Every structure is written in structure tokens, then in C-alpha cells.
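Consider the structure below, starting with its sheet and moving on to helices and aromatic rings.

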Amino acid sequence: MPKKNKGKRKTSPSTRPRARVGQTHARAGRDTIGVSHHHGDINYFPGDATPQGAALPAAALPGVEAGFTGRDSDRERLLRALEPSQPGGTVGVSVVGMGGIGKTQLALTAAHHTLDQGWFCQGLFLDLRGYTTPVDAHRALQSLLLSLGVQPDRIPEDPDARRGLYQATLHRKAQEEGPVLIVADNASHPDQVGPLEPGPGGHRLLTTSRERLGGLPARRIDIGVLEDVEAFRVLVADLRLTDPDDERAHDLEGLTQVATACAGLPLALRIAAGQLKNAPDLQPEELAQALAQGADRITRFVDHRALAAVFDTSYRRLPQEQKDLLSLLGMAPGPDISTEAAAVLAGTDQATTATRLRGLAASHLLTAANGRWGMHDLVASYATTLTGSKPPARFSRARRRLLDHYTDQVTAAAQHLVALPGDRVPEAFTDQTEALGWLDAERAVLINTAHLAHRTGHTRAAIDLPLNLAEYLDRRRLFQDKITITRVALHTAQSTGNRRSEALAWNNLGNALAEVRRFEEAIDAHTRARDTCQQLVDAHGEAWAWNNLGLALAEVRRFEEAIDAHTRARDTFQQLGDAHGEAWAWNSLGNALTGVRRFEEAIDAHTRARDTCQQLGDARGEAGAWINLGLALAEVGRVEEAIDAHQRGLTYCQRVGDAHGEALARNNLGVALGKTDRFEEATSWLKQAIDHFGQAGDRHAQGHSCYELGVVLHRSGRPGEAATVLEEAVELLAATHDPHLHAKASEALQQARTET
């Protein structure tokens with residue numbers, strides 16, 4: 001039966017507070033920010049460690065930029081392609097054109113119109129950042145599922161399962177509320193977009209790209225530069241937004257010259273208009289001449305000389321403090337930045353920085369949304385050139401300030417996430433909810449920051465930031481991100497001789513690998529952690545390494561070795577006076593003892609774990625102890641007590657928001673009720689568990705619950721239904737490489753078939 005056995009130590013590498021746990025389900029070990037050993041040369045950056053952009057949360061459609069005009073014929077073509085009632089319509093539609101040509105604004109204009117017309121019940125927008133730090137489809141699906149209301153712990157790691165959950169969620173949405181419009185902005189490769197295809201139900205996937213994205217089943221809308229008349233109208237509309245009486249809006253010849261110098265590129269036109277608005281004495285003809293001269297000088301941005309000229313002239317007209325800030329922003333990691341972080345980067349207060357940011361936004365060099373600031377990727381590319389090939393030392397100091405800031409904030413947030421009642425926590429956040437909110441908002445930036453720290457040699461950030469993000473990434477079930485950035489910490493620790501942090505990285509890596517069922521790799525990682533802790537005489541780190549190793553060993557049914565590992569962990573925690581660590585070792589030991597049918601000892605172990613977690617106020621730990629205790633009680637026939645234990649575990653999981661733990665408790669309740677011949681209740685609980693695991697894409701847990709349901713159905717005299725469910729169990733357990741449970745399900749299936 002599924003067990004709940006996740007005990008992860010979260011310890012700040014800088015302060016090393018006492019151990020904490022974050023329990024979500026049976027497989028994980030406890031993240032030990034402790035120590036590990038380097039056993040020879042290995043490939044530290046295999047395929048799963050390739051740096052990728054983290055997806056920002058998908059959101060409701062952003063507003064269209066004020067003053068958007070033109071593109072009437074393109075808009076009509078796009079709307080015809082999106083209209084659900086159009087015969088032969090395709091699910092996918094792509095808007096294709098060069099950078100800076102206005103694809104995003106055209107797509108948003110059409111998207112808002114479709115919502116106004118009631119064609120779709122909801123619109124979601126996601127920037128795939130194809131030309132900066134590309135967001136792969138796996139991470140994009142995670143973001144979209146969260147925005148569709150799926151809880152983090154219900155989102156699977158398996159790519160096919162994640163895509164299946166995405167399409168199933170959209171299918172239910174279509175049945176209950178209507179179709180959804182997904183806008184995937186700024187794609188650079190078909191692989192970013194293909195898995196986002198929403199399936200049947202009238203949904204549409206609207207993609208923007210500079211590429212034709214060949215091979216995608218999508219209707220393509222190609223757009224070009226604006227005609228002179230349309231370009232003129234863009235300039236006029238923008239000028240009149242600020243001052244409806246601006247006389248320069250009537251300067252047909254001068255504005256036409258500006259439009260020509262901007263080559264009909266909307267981004268260039270908006271920035272040029274910003275220069276005119278910021279300088280009331282600047283005449284359009286004068287600006288046009290400066291732009292033309294600048295284009296002749298431009299050697300970078302070969303395909304965008306007109307745009308680069310606009311950037312240059314706009315930059316030269318900025319106040320010095322805004323020039324400095326734009327140059328600094330060119331070094332910042334991630335797709336956007338908060339005012340607070342920008343102030344750290346600039347080395348000044350937030351009010352002053354906000355004024356400068358608003359100035360850059362007024363010049364159309366930045367965009368503002370939800371208290372954060374972003375740049376078009378072409379503006380960002382230009383900004384990276386402003387410091388030159390050898391930036392002055394002040395820029396390096398500014399980047400270090402920013403990386404230190406992010407590392408400090410992540411460390412503080414992590415301490416809030418693992419704090420028990422009565423613990424002292426940093427004042428950077430008022431409570432755990434605020435810490436989680438900050439981490440959610442900054443997640444994409446923080447993932448990029450870890451890679452930037454590694455590239456630029458900022459050792460502290462490259463180690464501490466990934467290690468302290470571990471608890472958060474576990475809670476959001478972002479295991480692939482955790483594997484990737486933990487390898488960054490591991491490589492940095494090894495290259496700098498920081499063996500204590502190396503061990504912490506090995507332990508965190510082992511836990512993440514176990515979450516994605518890569519158990520042999522997890523065993524290797526925890527073994528390295530244990531060996532290094534022994535060499536460093538770090539008894540506390542060694543205890544957690546033993547416990548994590550035991551969890552991974554139990555997953556491959558090496559129970560006697562697991563019992564030895566957990567016993568060593570328990571004894572060490574006792575000697576160190578760490579009651580919390582001891583509780584988690586008892587809980588882990590109980591599960592291993594159950595594996596070898598030493599049930600009375602297991603009951604004692606789980607009871608000790610439960611009691612200690614109660615005393616410490618660790619609700620997550622107590623939930624797991626109750627669930628595991630229920631399993632052991634059921635094995636010795638104390639079924640009513642087992643049912644009570646599982647119900648208590650379910651209540652605690654609900655209290656702490658652990659949906660995956662809830663599903664495990666529902667499964668175990670169903671099994672226990674089946675033992676008392678309460679078959680209807682048992683079937684109901686097991687079907688709830690199967691539904692959760694299926695939606696979450698946890699195919700192994702789903703297969704296990706299908707097996708348990710098949711057994712209950714067979715015992716209740718329904719062999720035909722049992723065979724159907726057991727067939728699914730056999731298939732799922734084969735796919736998730738569990739030979740032991742697969743054999744049991746196959747035997748049960750054979751028995752059910754003989755009675756049909």
C-alpha cells in the first residue's frame with residue numbers, strides 16, 4: 001500500500017538551523033543541506049541539467065498597449081482563423097513576423113475581441129521567451145495547469161502524463177464553462193509549442209513567433225511592416241495619449257519621415273514617439289534626421305538597423321540616472337524584475353528607483369505589469385551591449401548586490417517554509433504565506449539567477465540559492481527544476497572545495513531523483529552524501545544521509561539494508577538530542593519494518609514518530625505518521641484503529657494543504673474498509689484516489705490504487721469489473737517499472753478472469 005514517508009531536512013548552508021521536515025508522500029528522502037563525497041569524475045550537466053528558462057505563471061490576457069492602432073486587415077484575418085464557428089478551423093493559429101513588428105499586440109487585440117464576443121470563456125497568456133531563456137513545453141504546461149486551477153502536487157513530472165492532464169483539464173473546462181484561448185507568445189521552436197495543443201472542445205492555441213514553426217498543425221498569419229499611413233497613425237495616437245493638443249501630431253511630413261526612419265516597425269515607432277513625448281521641443285524632422293544618421297552607423301543588430309538607431313537615439317536622450325539603470329537592467333537575470341530588486345541593483349532607495357523605472361517605461365524601453373518591470377527581448381539585447389565588453393567595476397558590484405539580495409531572500413523564505421511553531425524566523429517575511437507568494441512571483445528569476453551565479457563565479461549564490469530553494473520546489477513539485485539547479489550547486493561546491501555544501505547538494509539531488517523514480521541514481525547520491533559526512537565527522541549530516549539512503553533502498557525493496565540505515569539514523573539523532581530528526585527516522589524505520597512484516601515493531605515506530613511530531617507541532621509530520629501507522633495496524637487485524645488513523649491522517653493533510661497526501665489517505669482508507677467488507681465505501685474512497693493520481697499523472701500511485709480497487713471489487717463478487725481495473729493496474733505498473741507490484745496485479749487479474 002502507498003506509504004507517506006517523505007522526511008527532508010532543510011537547512012540553510014549559511015546558518016545551519018536545526019533540521020526541519022517537509023513531508024508530501026512516500027518516496028522522498030529528507031533534503032539535507034549537509035555534505036557529500038566526490039567519487040571520481042562524472043558528467044555534472046547531463047541532459048536534465050541543461051539550463052532552461054522557468055515559466056512565469058500563466059495569467060489572464062494582458063491589456064493591449066494604449067494607443068494601439070493599425071493592422072486592421074491583419075486583425076480580421078486573425079479573427080477569422082480563431083472563430084470557432086468557421087468551417088475547417090484549426091486548433092492552432094500562429095502569427096509570424098520579424099522581431100519588433102507587433103505580433104504580441106496584434107495577438108492580444110484579437111484575443112480580447114474573442115473574449116468580448118463570448119467565443120471563449122477564458123484567455124491565458126504565457127511568454128515562452130524563445131529568444132532569451134526559452135521556456136520548454138514541460139515547464140509551460142506546469143504554468144498553464146496551475147493557472148487552470150490544478151494544485152501543484154497534482155501535476156506529474158512525466159511529460160506524456162502532464163500533457164494528458166492538461167488536455168483533460170481543458171476538456172472538463174469546455175464541458176462546464178466553454179472553450180479556452182491559450183496565447184503562447186514569443187516561441188522560437190516547434191517543440192515549445194507542440195505539447196501545448198489543447199485538444200478537442202473548441203479551444204484555440206494562438207502562438208506568436210519570428211519563425212514559421214514548420215511541422216505544427218496551425219494556420220499561419222504572416223505580418224509585415226506597417227505601411228507609411230499606418231505607421232504615421234501609430235505616432236499620432238501615441239503623441240495624443242500624453243497631450244491631445246500636441247501640435248506635432250499635425251506634422252504630416254515630419255512624422256512620415258520618422259515613420260520611414262523606423263522602417264514601419266511598431267516597437268521602433270513607439271520608442272521614437274516616447275522620445276518626442278519626453279522632449280516637447282524636439283521636432284519630428286530633427287528626430288528623423290538623427291535616426292537616419294544613426295542607422296548608417298549601426299553595425300550590430302544587422303537585421304534591425306532602424307530599430308537599433310531608435311534605441312541609440314532614445315538612449316542618448318535619457319537622463320544619466322536612467323541610462324545607468326537601463327545598463328544595469330541589461331545584466332539582471334530573468335524575464336522581469338521587481339522594484340525592490342531594481343533598487344538593490346541600482347544601489348538606491350525604492351522610491352527613487354521607481355521614478356527612474358517609470359521614466360524608462362514612458363520612453364517605451366520598459367513595460368510595467370503587476371508591480372514588475374520587463375523589457376522586449378530586443379530592448380534587453382540592446383541593454384546588454386551598453387556596458388561594453390569590459391564593464392566598469394561598479395557594474396560587477398551591482399550584479400553582486402543583486403545576487404546577494406536574491407540569495408538572502410531565498411534563505412529567509414526557506415526558513416519560513418520549514419519553521420515549526422515557536423521557531424524564530426527572519427523578519428524579511430511576515431509569515432509562510434508571504435514567503436510562498438514571493439517565491440512564486442520570483443521563481444523564474446531565481447532559476448535564472450542560479451545559472452547566472454554559476455557563470456559569473458558568484459560562489460555563494462550558486463550554492464546557497466539552489467539549496468535553499470529545495471523545499472519550495474518540492475512543495476510546487478518542480479522536481480526537474482530542482483534537479484537542474486541542484487547540479488549547479490553541486491558543481492560549484494566541488495570546484496571550490498566546499499565539501500560540506502557538496503554533500504548537501506548530493507542529498508537534495510538524491511531526493512529529487514527519487515521523486516521522479518530514478519532510485520538507483522538516488523541511492524548513489526545519498527551514498528556519496530553519507531561518505532562525505534563521515535569523512536567530515538558531521539554526525540548530523542550523516543544521520544540525514546543514512547535516513548535518505550534508507551528511503552531510496554526501501555523503494556527498490558532492499559528492506560534489510562533500509563532498516564540498518566534508518567536504525568543508524570535514529571541512533572545518531574538520539575545521541576545528538578535531535579528529537580525532530582529522531583521522529584522522522586522512526587517513521588522511516590516503521591515503513592521498512594512493515595516491508596519485512598515486522599508489524600508490531602512498525603506500530604511502535606510510527607507511534608513514537610506521531611507522538612513526537614504532535615509535541616513539536618509538526619502537522620505535516622504527524623499526518624504522515626498517522627497514515628503509516630494505519631497501514632501497520634491494518635496488517636495485524638486492528639482494522640477499526642487503522643481506519644481511524646487514516647481518517648486522522650486525511651484531516652491533517654487537508655489542514656496543511658497536502659493534496660497528494662490526501663489521496664494516499666483515501667487509498668488506504670479504501671483498503672482498510674475493504675477488509676471489513678464495507679465494499680461500497682471502500683470502492684468510493686479508492687476511486688477518489690485513482691481520480692487524483694490520474695489527474696496528477698502519478699501513474700505508479702494510480703496503478704497501485706487500481707490494483708487495490710481490483711482486489712476489493714473481486715472480493716465483493718464483481719470479477720468482471722475487477723478484471724477491467726486490474727488490466728489498467730498491470731499496464732500502469734509495467735510502465736512505471738515496479739516488478740513486485742506488477743506481479744501481484746497480474747496474479748490478481750488472472751484470478752479475476754477465471755471467474756468471469
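An open sheet of six strands runs in the order β1-β3-β4-β5-β2-β6, with mixed pairing. Its edge strands, each pairing on one side only, are β1 (59-60) and β6 (218-222). Strands here are DSSP runs of E with at least two residues, helices are runs of H or I with at least four, and both are numbered from the N terminus; two strands pair if DSSP finds at least two bridges between them. This is a predicted model, in which local features need pLDDT of at least 70 and side-chain atom pairs count only at pLDDT 80 or more, while totals for chains, interfaces and linings use all residues. Residues are numbered from 1 along each chain as its sequence is written, and side-chain values use heavy atoms, with hydrogens and water left out.

Helix α3 (residues 137-147) lies across β1, β3 and β4, at about 150° to β3. Axes are lines fitted to C-alpha atoms, for helices over the stretch in contact, and angles run from 0 to 180 degrees between N-to-C directions; contact means heavy atoms within 4.5 Å.

Why is α3 largely enclosed by the rest of the structure? Nine of its eleven residues are buried, where buried means under 20% relative accessible area, with a 1.4 Å probe and protein chains only. Among them are His138, Arg139 and Gln142. The buried residues of α3 pack against β3, α4 (159-176), β4, α5 (190-193) and α19 (479-495). Just after the helix, Gly149 has a positive phi of about 95°.

The structure also holds four aromatic pairs. One of them, Tyr315 with Tyr382, is edge-to-face, at 6.4 Å centre to centre and 75° between the planes. (Rings of Phe, Tyr and Trp, the last by its six-membered ring, pair if their centres lie within 6.5 Å; planes under 30 degrees apart count as stacked, over 60 as edge-to-face and the rest as tilted.) This pair links distant parts of the chain, with Tyr315 in α10 (residues 305-316) and Tyr382 in α14 (residues 377-383), 67 residues apart. Both Tyr315 and Tyr382 are buried. Ring pairs join these two tyrosines and Phe311 into a cluster.

Key:
Buried < 20%, exposed > 50% of the residue type's maximum accessible area, 1.4 Å probe, protein only.
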